[in-house]
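Please have the viewer open as you read.

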Amino acid sequence: MASLTVQMEAYAFRELVAHLQWRSDVQNIELMNLAGFCRNCLAKWYHAGTKVYGMPMEYDQACEKVYGEPYSDWKKKHQKKATEEQMAIFESSKDVHAKTAPKLGPGGQALGPSAGHSSVCGQDCDAPVPAPLPHSEGFGEARIAVLTASDRASKGVYSDESGPAIVEMVSSFAERSGSLSPQLVQKQVLPDDEEAIFECLKGWSETKSCDVIFTTGGTGFGPRDVTPEATRRILARTADSLSRAMAWQTSFQEPHSILSRGVCGITKDEVLIVNLPG
């Protein structure tokens, strides 16, 4: 039911965005004065959401999602100079503007503003303040290993970007949660060779040099995509639901992610391995 709820909410968001794109005759200041939010606010909420859920995006990209084109292009086509009356209404409502920082309730959940303009009105576009993630008491440490499987990256045809992205995502999550202290202890880039990948995973697991291994790449349907096959050979117990949950969550950003054959599970040495796409 939760997945259906998210899909219905996403549908409503898409319809709202489509309507705002169609009604380009309605100015942002008219929306602000009438409803306390505008297209820019919607883009800032979208941008803040990418930060909260660990999918970094530039504010300009979020604006393009809302406007359907670069914001600068939209302004040239549709934005008109605000009248003195419109500016007077806007200025007169400043006393009831919501604070930039979201109000937080129990567990760190953001509470909506009770009156005034949107909670992101006036917020720095480049650094919206995401609500802290709720977490339990205590502080956990995790030794992280990252393995990139790529023929071309291993040969230096192009630089590995997936591995560093994983490290950045884990660090971002740790910073927001306040309950995790990750330490990168191993990093390797290998060709798409099943035996080489298996031996690397086996070595990291048997020496217990890490607690979690993230792999990236080699999860598709190409003849050289063999990371899941190498991973299954070392898993003592699979965590199929974790793989399904990741595919479902990421499909909202990238529909093709459901085609990933990545697996997750625990080795006999109690090391968690998570396959991620490249």
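Which residues do ring pairs link into a cluster? The cluster consists of Tyr67, Tyr71 and Trp74. Before going on, a word on the source: this is a predicted model, where local features need pLDDT of at least 70, side-chain atom pairs count only at pLDDT 80 or more, and totals for chains, interfaces and linings use all residues. Residues are numbered from 1 along each chain as its sequence is written, and side-chain values use heavy atoms, with hydrogens and water left out.

**Rings and charges**

Searching the whole structure gives four aromatic pairs. One of them joins Tyr67 and Tyr71, whose ring centres are 4.7 Å apart with 35° between the planes, a tilted arrangement. (Rings of Phe, Tyr and Trp, the last by its six-membered ring, pair if their centres lie within 6.5 Å; planes under 30 degrees apart count as stacked, over 60 as edge-to-face and the rest as tilted.) Tyr67 counts as buried because its relative accessibility is 3%, while Tyr71, at 21%, counts as partly exposed. Here buried means under 20% relative accessible area, exposed over 50%, and partly exposed in between, with a 1.4 Å probe and protein chains only.

Two arginines sit over phenylalanine rings, as the table shows. The test asks for NZ of Lys or CZ of Arg within 6 Å of the ring centre and within 35 degrees of the ring normal.

| Charged residue | Ring | Distance to ring centre |
|---|---|---|
| Arg233 | Phe198 | 4.0 Å |
| Arg261 | Phe221 | 5.9 Å |

**The chain as a whole**

The chain has eleven helices and eight strands; these are DSSP runs numbered from the N terminus, helices being H or I of at least four residues and strands E of at least two. Of its 278 residues, 37% are buried. Among contacts (heavy atoms within 4.5 Å) with a separation of 6 or more, 68% are between residues 24 or more positions apart.

**Helix 9**

Glu195 belongs to helix 9, which covers residues 194-206. With a relative accessible area of 38%, Glu195 is partly exposed. Glu195 and Thr227 are 32 residues apart in sequence, and their C-alpha atoms are 9.7 Å apart in space.
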